[in-house]
Amino acid sequence: MPTSTTFQRGHALACEGTVGGLSVTVDLYENSVHGAHAGIFVETAEGAYRGGFGPQDTRMFRHGRVSAQIALEPAEEDGVARSPIAAGAVADVGGTYARTGRPERVHEEIEDAGQLIVTDGLNQRLRTDVSVSLLGRDVPLSCGTAFAFDLLVRAYPAGSGGNSASA
């Protein structure tokens, strides 16, 4: 018998874009059980910036729209900030998404923290039109990873063999 069973729904995007020497990488993840997580890394000729949050109880994906505001701070190299930025600088990620193609079945078994975690469900690819506004610039993003998920996740004591039959 599983020690826990959860139903998890959500979305994941991993995107990047470059405009005129400004390079951006953005990761957005929203999970009905584990909350919302966001991360950003920005490189310019003047320096690098990063930001992120999570887990938070916020919605970044709603009714076909993506929206996330991520506070920026200077990235550090050897413990020293590479470039100062104005206090309160924010990256504003926004755009649209839509499910596309056929849902794909997923099955995964991993050992984590003394448990066998068995995940079964569906992933659905997303078509996206997303950009980020930051430091006075708009950067269109290309999302190499973009999907919605609907999963049944069961945790078993490690070594119990679990039940790897698909749900």
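The model is predicted: local features require pLDDT of at least 70 and side-chain atom pairs count only at pLDDT 80 or more, while totals for chains, interfaces and linings use all residues. Residues are numbered from 1 along each chain as its sequence is written, and side-chain values use heavy atoms, with hydrogens and water left out. The chain contains 13 strands and zero helices, where strands (E, at least two residues) and helices (H or I, at least four) are DSSP runs numbered from the N terminus.

**Overall chain**

- Of the 167 residues, 37% count as buried, that is, under 20% relative accessible area with a 1.4 Å probe and protein chains only.
- The accessible surface of the chain is about 9500 Å², and carbon and sulfur atoms account for 47% of that; the areas come from the Shrake-Rupley method with a 1.4 Å probe.
- Among contacts (heavy atoms within 4.5 Å) between residues at least 6 apart in sequence, 59% join residues at least 24 apart.

**Nonpolar cores**

- The largest nonpolar core has 31 residues, of which Leu-13, Val-24, Leu-28, Ile-40, Val-93 and Val-132 touch the most other members; such a core is a set of buried Ala, Val, Leu, Ile, Met, Phe, Trp, Tyr and Cys residues joined through side-chain atoms within 4.5 Å.
- Elements giving two or more residues to this core include β1 (4-19), β2 (22-31), β12 (115-134) and β13 (137-157).
- The most is given by β13, with five residues.
- Leaving aside neighbours within four places in sequence, the contacts of Val-24 include Cys-15, Ile-40, Val-42, Val-132, Val-139 and Leu-141.
- Another core, of five residues, lies apart and includes Ile-117, Phe-149, Leu-151 and Val-153.

**Thr-119**

- Thr-119 is found in strand β12 and is buried, with a relative accessible area of 11%.
- Not counting residues up to four places away in sequence, Thr-119 touches Val-106, His-107, Glu-108, Leu-151, Leu-152 and Val-153.

**Largest pocket**

- The largest pocket has a volume of about 360 Å³; a pocket is an open set of points on a 1 Å grid where a 1.4 Å probe fits, with protein on both sides within 12 Å along at least five of seven lines.
- Its lining comprises 22 residues, with Arg-9, Gly-10, His-11, Glu-30 and Ser-32 nearest the centre; lining residues have an atom within 4 Å of a point.
- At least two lining residues come from each of β1, β2, β3, β12 and β13.
- The lining divides into six nonpolar, 10 polar and six charged residues, with Gly counted as polar and Asp, Glu, Lys and Arg as charged.

How values were computed. Buried < 20%, exposed > 50% of the residue type's maximum accessible area, 1.4 Å probe, protein only. Points joined across faces, edges and corners; volume = space filled by probe spheres on them.
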